[in-house]
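I am opening a notebook on a structure that is new to me, and I want to write down what I look up in the order I look it up.

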Amino acid sequence: MLIVNQVTKTYPGEKKDITVLQMERFEMRRNEKVALIGPSGCGKSTFLNILAGLNRPTSGTVNLLGTDILGLSASAMDRFRARNIGYIHQNFNLIPGFTALENVLLAMQFGNTHPKKDRKEKAKSLLAMVGLEHRMGHKPEQLSNGEQQRVAIARALSNKPALVLADEPTASLDPENTELVMSLLLQACDENQAALLLVSHDMSIAEKMERTVALSRAAIRVGQEDKTYVPA
Ligand SMILES: Nc1ncnc2c1ncn2[C@@H]1O[C@H](COP(=O)(O)OP(=O)(O)OP(=O)(O)O)[C@@H](O)[C@H]1O
Ligand SMILES: [Mg+2]
């Protein structure tokens, strides 16, 4: 359901371009759970952003659910993402002026997976599942980091996406909430036959996945004239 081929991301540097990601081939099956690990700065979030169509790779192809996502227009990608991808961003990315409930509801409106009349109940039950039944009317600035992280998780699961991208989803959580969130994520992915790609620095979390993919710090400087790869 996900096939990534020869994906690279290169940013312009002051003197030379810097390649921050090189992914030869990466595949995921339906309902597969994969941990993505690697040192800080090795391109994990960059890779997730590319899969979510939020960052364009310099080269390569990404096929998700039979769709060449790099061939989609920006608005088509927005619709595709809303419907098929649940993304728990590393920095949560909640909308500041909206309450926890409104953040989830807005995603459900974009995704349009549930009938309109069912959305509020569904959003409330998701927020309750992550232990936020008493915080639904709070805006992100009124929530702790761990609470914001849990809103982001509720939002990511709200449209029953086929692919869940989770960028360190338990980084701000205490052990109890880590357990809760991990079992919720795993259960939601099983129920929806969704694939889960989870970034974590915590090996006990990564070990809950079926397989682990390690990215190395691939920062490779690329000469601007000859474009030859020279390992840093
Ligand atoms: N817009 C940009 N311009 C230039 N370099 C960038 C840009 N965005 C990211 N980078 C660089 O790309 C590299 C990979 O960043 P990324 O956020 O993907 O790392 P990461 O593996 O998620 O790290 P962490 O574990 O700290 O979250 C970093 O060295 C970063 O400085
Ligand atoms: Mg990151």
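Entry 1, on helix pairs. Before reading any angle I note the cut-off I will need: an angle under 35 degrees between two axes counts as roughly parallel, one over 145 as roughly antiparallel, one from 65 to 115 as roughly perpendicular, and the rest as oblique. I also note that I am working with a predicted model.

I began with α5 and helix α6 (residues 175-191), whose axes come within 11 Å and cross at roughly 5°. Because angles under 35 degrees count as roughly parallel, α5 and α6 are roughly parallel to each other. On the α5 side I listed Arg150, Ile153 and Leu157, and these meet Asn177, Val181, Leu184, Leu185 and Ala188 in α6. Sorted by class, the contact of α5 with α6 has six nonpolar residues, one polar and one charged. I also wrote down a general point about helices: with 3.6 residues a turn, an α-helix has residues three or four places apart pointing the same way.

Which angle do helix α3 and helix α5 make when they pack? For helix α3 (residues 100-111) and helix α5 (residues 145-157) I found about 25°, with their axes 8 Å apart. This pair is therefore roughly parallel as well, and the crossing of α3 and α5 is right-handed. The contact is made by Ala100, Asn103, Val104 and Ala107 of α3, together with Val151, Ala154 and Arg155 of α5. By class I read five nonpolar residues, one polar and one charged in the contact of α3 with α5.

I recorded the crossing of α3 and α4 as right-handed. From α3 the contact takes in Ala100, Leu101, Val104, Leu105, Met108 and Gln109, and from α4 it takes in Arg119, Lys120, Lys122, Ala123, Lys124 and Leu127. The classes for α3 with α4 are seven nonpolar, one polar and four charged residues.

Which residues coordinate the magnesium ion (ligand 2)? I found Ser45, through OG, and Gln90, through OE1, at 2.0 to 2.2 Å. The two residues link distant parts of the chain, since Ser45 is in helix α1 (residues 44-51) and Gln90 is in the loop between β6 (85-88) and α3, 45 residues apart. Ser45 counts as partly exposed because its relative accessibility is 23%, and Gln90, with a relative accessible area of 42%, is partly exposed too.

I checked how covered α1 is, and six of its eight residues are buried. These are Lys44, Thr46, Phe47, Leu48, Ile50 and Leu51. Just after α1, I noted that Gly53 takes a positive phi of about 70°.

Not counting residues up to four places away in sequence, Thr170 touches Gln149, Thr178, Val181, Met182 and Ile205. Glu168 is found in the loop between β7 and α6 too, and with a relative accessible area of 14% Glu168 is buried. The phi of Glu168 is near 50°, which is a positive value in a residue other than glycine.

Gln193 is partly exposed, with a relative accessible area of 39%.

Leaving aside neighbours within four places in sequence, Asn145 is in contact with Phe92 and Ser172. Last, I looked up the separation of Asn145 and Val164, which are 19 residues apart in sequence and 20 Å apart in space, C-alpha to C-alpha.

Technical notes. Residues are numbered from 1 along each chain as its sequence is written. Chains are lettered from A and ligands numbered from 1 in the order in which they are written. This is a predicted model: local features need pLDDT of at least 70, side-chain atom pairs count only at pLDDT 80 or more; totals for chains, interfaces and linings use all residues. Side-chain values use heavy atoms; hydrogens and water are left out. Axes are lines fitted to C-alpha atoms, for helices over the stretch in contact, and angles run from 0 to 180 degrees between N-to-C directions. Helices (H or I, at least four residues) and strands (E, at least two) are DSSP runs, numbered from the N terminus. A crossing is left-handed if the near helix is turned anticlockwise from the far one by less than a right angle, and right-handed if clockwise. Contact means heavy atoms within 4.5 Å. Ala, Val, Leu, Ile, Met, Phe, Trp, Tyr, Cys and Pro count as nonpolar, Asp, Glu, Lys and Arg as charged, and the others, Gly among them, as polar. Donors are N, O and S atoms within 2.8 Å of the metal (3.2 Å for Na, K and Ca); water is not among the atoms, so sites may look incomplete. Buried means under 20% relative accessible area, exposed over 50%, partly exposed in between (1.4 Å probe, protein chains only).
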